[in-house]
Amino acid sequence: MDKINKAYVVTHTHWDREWRYPLWENRMYLVNLMEELLDILDTNPNYKSFLLDGQTVVIEDYLQVRPENREKIEKYIKEGKLQVGPWYTLPDLYPLDGEWLVRNLLKGTRCAKSLGKCLNVAYESFGWGQISQFPQIYKNFGLDVAIVAKNVSKERAPESEFLWEGADGTRILSTRLGQHGRANFFMNSYLKIMNGVDFLSDDYKLGVENAGVMYHQADEKNFYQDYLKLTSTEKYNPEFLKEAVEIAMKATEETTVKSHRVIMNGSDSTTAQPMLTEIIKKANEVFEDTEFILSTMEEYTDKLKELVDYDRLKIVKGELRDGPSNSCSANALMTRPNIKMLNKKLHNALVKYAEPLSVTSHMLGKKYDSNFLDIAIKYIMLSHPHDSINGVTQDKTVDDVMYMLNQALEISEVITNTVCAEIIKKIDTSSFDLQDIVLIAVNPSPVKRNEVVKVYIDTPQDMNIWDFDIIDSMGKNIDKQLISRKEEIVPVNDLHARPWPFYIDRHCVYMNAEDIPAGGYKVLKVVPKKNFNRKAVFWPDTRISRGEGIGKASNILENENLKVTVQNNGTINILDKNNNKIYNNLNYFEDTGDCGDYWIYYPPYHNKTYSSEGCNARIWLEDNGLLSATIASEVKMTLPAYAFRHENGVKGESKRSDEEKVVSMTSYYTLKKNSKKVDVRLKVDNTIEDHRLRVMFDTGIKTKYIDAAGHFTVDRRPVTPALDRNGEYYPEMETLPQQTFVDVSNGENGLAVVNNCLIEYQVIDNEKSTLALTLLRGVRNIICTEMRSAGAFPQQKGGQSLGILEYEYSIYPHEGNWESAAVYSEAESLNVPIKLIQTSRNEGGELPLECSFFSIDNEALVLSTFKKAEDSDAFILRVFNPSERTIEGRVNIYASIKEAHLVNLNEERLEALVVENNHTVKIIAEPNKIVTIEMVF
């Protein structure tokens with residue numbers, strides 16, 4: 001007789017490639033897990049399936065050291081006994097650009113299918129919060145059920161199942177699985193049945209008498225590492241089974257489909273559990289109305305889709321990042337900032353330069369070097385797992401991650417220089433003289449660029465050039481501003497000879513790069529204007545000036561749009577001359593104690609918060625001219641050297657130390673000709689521990705909402721935190737993620753901070769509407785191994801981020817909101833500067849002195865990627881519309897387009913597109929939509 005109810009037991013592991021332990025130590029544990037699992041699958045036909053955490057890289061990792069088992073692995077994946085994918089690795093979301101989430105799914109689904117089969121569920125056990133565009137991304141990959149982890153609150157989703165509506169309106173069936181989520185059956189049932197104690201009780205502790213054989217390194221180098229159990233002490237206790245299973249079942253009461261429930265059996269690093277089939281067999285004997293089924297995630301979700309009442313499900317909109325902080329690891333955004341800053345730099349180097357310029361090189365008949373690029377992409381994805389990219393690990397693992405990111409950065413830069421060289425060899429500069437010095441300004445962005453850039457121009461010493469003009473392809477004299485001159489001897493590499501010594505004078509200048517074509521280049525020529533006597537000791541030529549210097553005093557910068565005044569405490573006031581609005585007290589520093597850990601910010605009870613507003617700054621004018629001027633401001637703050645960390649909120653002292661050290665912050669404020677923003681380069685010498693350091697901006701703009709660049713959208717969040725039914729909120733949830741800008745605007749005026757290195761912000765609901773950007777959280781190396789015990793590594797100081805840290809951001813006052821002020825374009829300008837190359841006369845080329853290879857005629861459409869397709873020789877161009885209105889635009893391509901198709905994110909064709917004049921494709925992007933186009937040249 002069939003039982004009324006069914007419980008689907010899905011056995012899995014949450015497997016971090018590196019977290020508590022470094023990569024290769026963890027790899028050994030993975031081998032142990034897999035070999036026990038394979039033995040069970042070989043010998044126990046009742047063992048249904050094992051879910052490898054929604055990722056695929058674990059199989060690659062295992063087969064790297066056990067390649068002889070590939071055939072068996074592929075057999076079990078095809079049969080569904082091993083479930084892998086759709087992800088490649090388990091990335092954190094907010095430190096990454098949205099493009100990398102798409103790339104991860106692209107690689108993960110293909111890797112899983114190559115092994116036999118891909119999990120067709122959006123299983124996401126890893127995200128520290130869920131981004132608002134996930135429903136659209138998942139639907140584009142054919143995934144129609146999402147298993148969400150961290151974190152949607154019960155207030156927003158009182159029942160486990162809900163319809164999740166993304167930023168563009170896409171909806172997807174989602175479940176949060178109920179109490180204890182992925183660990184429910186394992187923690188509540190399995191551990192009690194096999195160990196005789198409740199995991200959540202105080203009785204769950206090790207006794208030496210029943211510990212079995214243990215292993216612990218006792219030498220001075222390793223005594224702080226974990227103990228290991230070498231023998232299992234599990235003992236089957238069937239007398240606890242009914243009570244323990246009832247607890248797991250009760251934890252799923254919030255499901256809307258009571259008759260068919262999933263009880264997840266697994267947790268961090270859990271293994272296959274050989275006694276599981278016996279436990280399930282016994283449960284079916286004990287429970288009269290419920291059938292327990294060893295099942296798969298797909299089997300359960302198929303039944304869920306069949307039985308759920310979609311009409312009564314609550315609709316939950318936007319990102320899922322509800323408090324408390326520890327439910328979504330909300331404060332890890334700016335721990336280990338060096339990793340995040342390098343990752344952002346790498347994103348720009350590969351996605352913004354190497355890939356689109358490689359497409360350009362392909363248009364000219366050269367190879368799109370997928371071999372190199374794929375290596376870089378793999379390094380990147382192996383750096384993106386949530387623990388890796390956040391550095392919530394031992395220091396050795398951070399070193400490994402930094403190594404991989406740096407390898408990918410080097411590959412990206414090598415590819416960029418290689419393809420630029422190929423382009424230059426195609427340019428016809430035969431009209432120039434042999435001794436002419438040629439500059440190429442390369443613009444990888446899809447829009448025309450006009451900006452002041454710094455360039456280093458080398459002239460042969462035997463030409464004795466003291467001054468020169470820079471002429472563009474139309475013969476126009478380009479404005480320049482000298483910074484310095486210096487004799488150098490540099491090597492010139494020659495594949496067919498030993499390097500040649502080149503005796504040069506190196507001139508550092510600012511140059512006004514005007515009308516650099518979209519996705520293309522412009523040729524400039526250096527024309528000698530004045531020579532000098534190199535042997536003369538006295539009186540070199542003195543400077544000449546038009547009297548148009550942007551630096552008006554040692555503390556004042558002014559151009560056509562802005563007047564910037566540096567105050568005695570190092571802050572700046574900005575007058576926006578276009579609307580006569582003044583912004584005061586910008587760019588000061590706040591430092592407060594932090595006794596938390598990698599995942600959550602926790603101030604000490606007797607905290608002290610310091611502001612640099614009361615400091616006296618050392619201020620100097622560093623350079624000045626008609627194109628650019630820079631004023632430096634050095635602020636020194638005397639701050640507590642460390643903090644006393646109290647355990648469990650009650651044990652020990654809780655305050656910042658009486659011992660103090662000096663922390664210096666040097667801000668370099670640069671204003672350029674015609675610019676509407678103040679560029680800031682900040683150097684922080686962090687000498688102290690256990691603290692959070694932020695840079696602050698008193699915007700003075702009263703508004704209810706703040707706009708921040710997100711993943712394929714602009715996230716709009718309230719200034720005032722959302723209150724629960726008791727009128728309370730979590731203060732640690734007020735710090736929020738952003739990608740490349742935060743904009744505080746009331747619709748009439750706004751102040752944006754665009755950046756290439758920051759992730760966390762807060763707008764404080766005070767009279768000044770203060771915008772705070774976190775520069776770092778310095779915390780101790782404590783890893784949350786288990787709620788009662790932690791892996792503590794006091795001798796590892798990497799989590800404190802000691803030493804020099806450098807940041808780049810721009811302060812951009814504007815009229816209107818982020819959209820009307822084109823804040824995305826300003827962010828692109830900062831993140832993707834024009835690349836400058838010096839070359840010489842070239843004969844035999846066919847390209848003109850300036851050329852655009854690709855462009856988008858509407859800058860409101862944001863380019864996400866331009867790369868080779870995954871599965872063909874076609875090319876993929878992806879844009880997104882972050883606004884709330886439909887946007888039209890045209891993509892123009894230098895090469896002849898044979899055919900074009902609208903495709904989904906998985907690069908599967910949806911419909912053919914009309915190609916206009918063989919070179920143009922029209923794009924229509926609805927609000928917050930991601931649009932991907934495949935083109936065959």
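**Figure 1. Pro86 sits in the loop between β3 (82-83) and α4.** This close-up comes from a predicted model. The peptide bond from Gly85 to Pro86 is cis. Its omega lies near 5°.

**Figure 2. A cis peptide bond joins Gly323 and Pro324.** Here omega is about 0°. Pro324 belongs to the loop between β12 (315-317) and α10.

**Figure 3. Helices α1 and α3 pack at an angle of about 65°.** Helix α1 covers residues 23-43, and helix α3 covers residues 70-78. Their axes are 12 Å apart. The crossing of α1 past α3 is left-handed. On the α1 side, the contact is made by Met34, Leu38, Leu41 and Asp42. On the α3 side, Lys72, Ile73 and Tyr76 meet them. By class, the residues of this contact are 5 nonpolar and 2 charged, with no polar ones.

**Figure 4. Lys117 and Glu298 form a salt bridge through their side chains.** The N to O distance is 4.0 Å. Lys117 lies in the loop between α4 and β4 (122-123), whereas Glu298 lies in helix α9 (residues 297-307), so the pair ties together parts that are 181 residues apart in sequence. The structure as a whole holds 78 salt bridges.

**Figure 5. The largest cavity has a volume of about 350 Å³.** Rolling a probe the size of a water molecule over the atoms shows where empty space is left. The count of cavities of 30 Å³ or more comes to 8. The largest cavity is lined by 26 residues. Which residues lie nearest its centre? They are Asp97, His347, Lys352, Gln739 and Thr740.

**Figure 6. Several helices and a strand contribute to the lining of the largest cavity.** Helices α4 (98-115), α10 (337-363) and α14 (823-831) each supply at least two residues, as does strand β46 (862-868). Which element gives the largest share? That is α10, with 5 residues. Among the residues nearest the centre of the cavity are Asp97 and Lys352.

**Figure 7. Asn585 has a positive phi although it is not a glycine.** The value of phi is about 60°. Where does Asn585 lie? This residue is part of strand β24 (residues 581-593).

How values were computed
Residues numbered from 1 in each chain as written. Predicted model: local features only at pLDDT ≥ 70, side-chain atom pairs only at ≥ 80, totals over all residues. Heavy atoms only, no water. Axes fitted to C-alpha atoms, helices over the stretch in contact; angles between N-to-C directions. Helix = DSSP H or I, 4+ residues; strand = E, 2+ residues; numbered from the N terminus. Left-handed = near helix turned anticlockwise from the far one by under 90°. Contact = heavy atoms within 4.5 Å. Nonpolar A, V, L, I, M, F, W, Y, C, P; charged D, E, K, R; others polar. 1 Å grid on protein atoms, 1.4 Å probe; cavity = no way out; pocket = protein on both sides within 12 Å on 5 of 7 lines; lining within 4 Å. Points joined across faces, edges and corners; volume = space filled by probe spheres on them.
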